[in-house]
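Biologist: Could you walk me through this one? I would like to start with the overall picture and then go into details.

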Amino acid sequence: MFLYVLKRLGMSIVVLLLSLLLLASMVHLIPGDPVKTILGPRASPALSERVRAEMGLDKPIPVQVGEFIINGLQGDLGRDFATGQPVIRLIGFALPHTILLALSSLGLAILIGVPLGVYSATHPNTWIDRLTGLLSVWCITLPSYVAGLLLLLIFGVALNWLPAIGTGQLSDPADYLRHLILPATALAITWIGYLARLVRASLLEVLGANFIRTAFAYGLGERLIYYKYALKNAIVPTVAVLGVGMGNLLGGAIFTEVIFTRPGLGRLMYDAISDRNYPIVRGGVLVTVMLFVFANLLADLSYHYLDPRIQAGEERG
Amino acid sequence: MNGPVIAGRARRNGLALLRSLVRKPAGLFGLLIVAALLTAALGADWVAPYGEAQQDIAHRLEAPSIRHLLGTDHLGRDVLSRLIYGTRVALGAAVPAVLGAALIGLVLGMLAGYLGGWVDNVVLVVMDTIQSYPTVILALALLALLGPSLQNVIVVIVVGFTPGYARVVRAQVLAIKHSPFVEVERALGASDLRLTLIHILPNILAPLLILLAMDLPSAITTEAGLSFLGLGVRPPTPSWGVTLSEGFAKLRTSPWPVVFAGLALGSTTLGFTLFSETLRDLLDPKLAGTRRA
């Protein structure tokens, strides 16, 4: 176990360092003059020179890459072009909103998806099972931005039940929560379907196992068997995908934040791209990747903890 | 794994496969959607009631009517016609992107699986790094520098989707590499090139094709999503994402462009997914029930 943790941790660090290297050199890897892309073709030479110097693009490439990596490791992601504020501070303001959004979506997906999957698996081939099956495919395939737009349209505009834009104030938790419902649901829909499907499949497999038959033979209650013994075993593959899920939610958050006009990391990057403010984009991408790698690491480790049969040196397909 | 039998069976019994696909409701529904989409893309000039850019300024942002079945957008363009022409953008981005990713993934995966050693390690680490980016975020990072265009969206999707193929191919090659029929060929003196191209390749095509079909809806969604954010295809190209984004700006005046573009996207991804999942279950029962995140 210890060796496995060490190995996974090492892999994560390598991936993060490579990401840093990639983001640092991306400006140079891509053909064309980055300053021209950033400022547009009609920028004055003086402005171009200023931006070039500010981004450090006038220095030799290895120096630039090295500086970005060293500064990045110290938490310095450069400065915003427009306001001169440190990028890390802007991200610090935006990130809590995104994390809250992603976590509440994940929570919502688990709260709805897992019971649906359990019900389907314990009542196979009933009409509810079939309906759940159909609904989950539909949920999985519906792009989150389409879900977001339709929810906004129905509940925010047509029925006017829930606030359509902004986040409300964190000092007023009830208001903040009301603002969170639509975006979190939009983001959760894919994962509700996905979890329902996954739990159903793995639970069906577990329910066929000998120890479940024995438990029934001993006369244990259905609920106890399903939720305590069977689900505990069936949930393992689900935990493994939650890491990937967190990444998808972080990626999908950008659509939700744009549609519902919420502040957040995705929105910050979106605005930065429109303003051609590359340092913010780069910093935002880096932070997202860090979170994603961390979530995956956490999921992998808990997966390993839940199911010790998975060997440390296992070939990863 | 299950390769040799399936590859042969699929080739010989294309028609039988189609017949069993149609017999399943999900497969039939998927097939109908895919067929409708192809018809719309190929025959847009005949099927669409108006031109993609044809304006009817007097009737802007109108609700569905006999004249404009799905209403009009903010420039008075027919939404139905824009959506029909949009199939060309959706498929025109998704098909080359997925094919490109499959091809590059195939080459990388075969090299990694067959050669092993440091080649395998390098390929794995690079693929791991790419996969540590959520697709949208990777696209964002690249498009911020490349600038928005259809070609760049295709490039971004290729980069994001390649690792999936490389991994599947690598795993398949590893599974087949030491199977008796390959060992026998090697003992008979077959070269590496012959072994990989004539003996291993045909056996990994079936899972590759399934993955390809399953990736198409994701690629369509990615293109439309990036175009919605203004990072992909630019207006006035009738991408579904562009229609969504233009409709979003006028949402409170007229919801129809958003509603119908959303429905087009939703039913396309649903149709393609049902089609490819049924196909997968038929081609490879062992994979039934599995799904990629």
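Modeller: A residue is taken as buried if 20 or more other C-beta atoms lie within 10 Å of its own. On that basis, buried residues make up 40% of the 317 residues in chain A; please keep in mind that this is a predicted model.

Biologist: Where is confidence lowest in chain A, and where is it highest?

Modeller: The average pLDDT of chain A is 82, with 92% of the residues scoring at least 70. Confidence is lowest in H2(A), with a mean of 68, and highest in H5(A), at 90. Over residues 312–317 of chain A the pLDDT falls below 50, and beyond near neighbours in sequence that stretch has five contacts in the model.

Biologist: Switching to H10(A): which residues there are buried?

Modeller: Tyr226(A), Ala230(A) and Ala234(A) are buried in H10(A), and seen down the helix axis the buried residues fall within an arc of 50°, so they line one face of the helix.

Biologist: Why would residues spaced like that point the same way?

Modeller: An α-helix has 3.6 residues a turn, so residues three or four places apart point the same way.

Biologist: And what do the two sides of H10(A) look like, then?

Modeller: The buried residues of H10(A) pack against H5, H8 and H9 of chain A, while the face turned away from the buried side carries the exposed residues Leu224(A), Lys228(A) and Lys232(A).

Biologist: How many residues of chain A are in contact with chain B?

Modeller: On the chain A side there are 45 residues, in contact with 40 residues of chain B. The largest share of the chain A side, 10 residues, comes from H11(A), and by class that side has 35 nonpolar, nine polar and one charged residues.

Biologist: Which residues have the most contacts inside the largest nonpolar core?

Modeller: That core has 160 residues, and those with the most contacts inside it are Met269(A), Val281(A), Ala97(B) and Leu140(B). Leaving aside neighbours within four places in sequence, Met269(A) is in contact with Ile254(A), Ile280(A), Val281(A), Gly284(A) and Leu140(B). The largest share of the core, 18 residues, comes from helix H5 of chain B, residues 79–115.

Note on methods: Residues numbered from 1 in each chain as written. Chains lettered and ligands numbered in written order. Predicted model: local features only at pLDDT ≥ 70, side-chain atom pairs only at ≥ 80, totals over all residues. Contact = placed C-beta atoms within 7 Å. Helix = DSSP H or I, 4+ residues; strand = E, 2+ residues; numbered from the N terminus. Nonpolar A, V, L, I, M, F, W, Y, C, P; charged D, E, K, R; others polar. Buried ≥ 20, exposed ≤ 12 C-beta atoms within 10 Å, placed from the backbone. Arc of directions from axis to C-beta. Core = buried A, V, L, I, M, F, W, Y, C linked by C-beta atoms within 7 Å. pLDDT = per-residue confidence, 0-100.
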